[in-house]
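Please read it alongside the sequence and the structure shown here.

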Amino acid sequence: MENEIFEIISHGGNARAYAYEAIKKAQEGNIKEAEELLIKAQEELDIAHNTQTKLIQAEINGENLQMNLLMVHAQDHLMTAISEKNLIEQIVKLCKKLEEKK
């Protein structure tokens, strides 16, 4: 189970990194690059979410998964990455509107 937990943490972190890089690109006026980075962020989140779903399904199927601090951290990390990526998407959209008005 530890491998899956670290996979969630790793891909969640990758997603956040891509999302924050997207903000930088959008602020520089590179909207296309920002949008591409958000796609990469979503791909990373999809991997993390699929791993999370596997663990949930395992528990539903009767496997006894022990909750521990590392698992809680992984869940927190993933939820934060999803939330931040969603907010950053809105920021990029605002930057895009500003660029279009220039």
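Does Ala 58 count as buried or exposed? At 12% relative accessibility, Ala 58 counts as buried, where buried means under 20% relative accessible area, exposed over 50% and partly exposed in between (1.4 Å probe, protein chains only).

This is a predicted model, in which local features need pLDDT of at least 70, side-chain atom pairs count only at pLDDT 80 or more, and totals for chains, interfaces and linings use all residues. Residues are numbered from 1 along each chain as its sequence is written, and side-chain values use heavy atoms, with hydrogens and water left out.

**Overall fold**

- The protein has 3 helices and 0 strands; helices (H or I, at least four residues) and strands (E, at least two) are DSSP runs, numbered from the N terminus.
- Read from the N terminus, the order of elements is α-α-α.
- The protein is more spread out than a compact globule, because its radius of gyration is 16 Å, well over the 13 Å that the globule rule gives for 102 residues. The radius is taken over C-alpha atoms, and the globule rule is 2.2 Å times the number of residues to the power 0.38.
- The C-alpha trace spans about 60 × 20 × 15 Å along the principal axes of the protein.
- Of the 102 residues in the protein, 34% are buried.
- Among contacts with a separation of 6 or more, 79% join residues 24 or more positions apart; contact means heavy atoms within 4.5 Å.

**Helix packing: conventions**

- Two packed helices are described by the angle between their axes and the distance between the axes.
- Axes are lines fitted to C-alpha atoms, for helices over the stretch in contact, and angles run from 0 to 180 degrees between N-to-C directions.
- Angles under 35 degrees count as roughly parallel, over 145 as roughly antiparallel, 65 to 115 as roughly perpendicular and the rest as oblique.
- A crossing is left-handed if the near helix is turned anticlockwise from the far one by less than a right angle, and right-handed if clockwise.
- For residue classes, Ala, Val, Leu, Ile, Met, Phe, Trp, Tyr, Cys and Pro count as nonpolar, Asp, Glu, Lys and Arg as charged, and the others, Gly among them, as polar.

**H1 with H2**

- The axes of H1 and H2 come within 8 Å and cross at roughly 165 degrees.
- The two helices, H1 and H2, are therefore roughly antiparallel to each other, and their crossing is left-handed.
- Their contact contains 15 nonpolar, 5 polar and 7 charged residues.

**H1 with H3**

- Helix H1 (residues 2-27) and helix H3 (residues 69-101) have axes that come within 9 Å and cross at roughly 20 degrees.
- That angle makes H1 roughly parallel to H3.
- The crossing in which H1 passes H3 is left-handed.
- The contact of H1 with H3 is made of 18 nonpolar, 6 polar and 3 charged residues.

**H2 with H3**

- For helix H2 (residues 31-60) and H3, the axes come within 10 Å and cross at roughly 160 degrees.
- H2 is thus roughly antiparallel to H3, and passes H3 in a left-handed crossing.
- Residues of H2 that meet H3 include Ile 31, Leu 38, Leu 45, Ala 48 and Leu 55. On the H3 side, those in the contact include Met 71, Leu 78, Ile 82, Ile 88 and Val 92.
- By class, this contact of H2 with H3 has 14 nonpolar, 4 polar and 5 charged residues.

**Selected residues in H2**

- Ala 48 is found in helix H2 and is buried, with a relative accessible area of 0%.
- Leaving out residues up to four places away in sequence, Ala 48 touches Ile 8, His 11, Gly 12 and Leu 78.
- Between Ala 48 and Gly 12 there are 36 residues of sequence separation and 6.2 Å in space, C-alpha to C-alpha.
- Ala 58 also lies in helix H2. With residues up to four places away in sequence not counted, Ala 58 touches Glu 63 and Leu 65.

**Selected residues in H3**

- Leu 87 has its place in helix H3 and is exposed, with a relative accessible area of 55%.
- Leu 87 and Ala 19 lie 68 residues apart in sequence and 9.4 Å apart in space, C-alpha to C-alpha.
- Ile 91, found in helix H3, is partly exposed at a relative accessible area of 31%.
- Ile 91 and Asn 61 are separated by 30 residues in sequence and by 40 Å in space, C-alpha to C-alpha.
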